[in-house]
Amino acid sequence: MQNHFELFQLPQQFAIDSGALDAAYREVQGRVHPDKFVNATDAEKRVAMQWATRANEAYQTLKNPQKRAAYLCELNGVDLQTESNTAMPMAFLMQQMEWREALAEARSEKNTEQLDELDGELRSARKKQLQEIEAALNGGDFHAAAQGVRALMFLEKFREEIEHSYAAIEA
């Protein structure tokens, strides 16, 4: 079975040409969209639906940098173990504590400027994390990339908490 990169005839790497991905997705969907199989047999309709679903899943995976990195790790035999592996470097854990304290303080004081500052820090950290993940993937260090993806998952989730804090303060 083809992997997602092969399905869209794209190189199997982290850096991706989003225009080429979009075009490849549209081309695949154009071939397998269930509307093209209205007069087909039930079996043909079912196969078309399976291909359309697979194309959607592959597109969503490759379009999202976090999902794409996780997928590349899995393709190279490294399971992220997101449910069981919460080990992180001490420096990252300390940074998490500082961010959580800053968030709690901003929320209690209803300080949107402090939230803005925290949001900026998170955006910078996310960008840096993505660069480190890409470097690890390009270097073939899939275990380091997997740890980077787990850290990125924390950053994404914490960013959602910041968004909720804005909403809570403005309510």
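What share of the contacts in the protein with a separation of 6 or more comes from residues 24 or more positions apart? The share is 69%, where contact means heavy atoms within 4.5 Å.

## Model and conventions

This is a predicted model: local features need pLDDT of at least 70, side-chain atom pairs pLDDT 80 or more, while totals for chains, interfaces and linings use all residues. Residues are numbered from 1 along each chain as its sequence is written, and side-chain values use heavy atoms, without hydrogens or water.

## Overall fold

The protein has seven helices and zero strands. Both are DSSP runs numbered from the N terminus: helices are H or I with at least four residues, strands E with at least two.

The C-alpha box is roughly 65 × 40 × 30 Å along the principal axes. Of the 171 residues, 37% count as buried, meaning under 20% relative accessible area with a 1.4 Å probe, protein chains only.

## Helices H5 and H7

The axes of H5 (residues 90-109) and H7 (residues 142-170) come within 10 Å and cross at roughly 5°. Axes are lines fitted to C-alpha atoms over the stretch in contact, with angles from 0 to 180 degrees between N-to-C directions. H5 and H7 are therefore roughly parallel, the term for angles under 35 degrees.

The contact includes Phe-92, Gln-96 and Trp-99 of H5 and Phe-154, Leu-155 and Phe-158 of H7.

## Gln-96

Gln-96 sits in helix H5. Its relative accessibility is 16%, so Gln-96 counts as buried. Leaving out residues up to four places away in sequence, Gln-96 touches Met-88 and Phe-154.

Notes
Parallel < 35°, antiparallel > 145°, perpendicular 65-115°, else oblique. Buried < 20%, exposed > 50% of the residue type's maximum accessible area, 1.4 Å probe, protein only.
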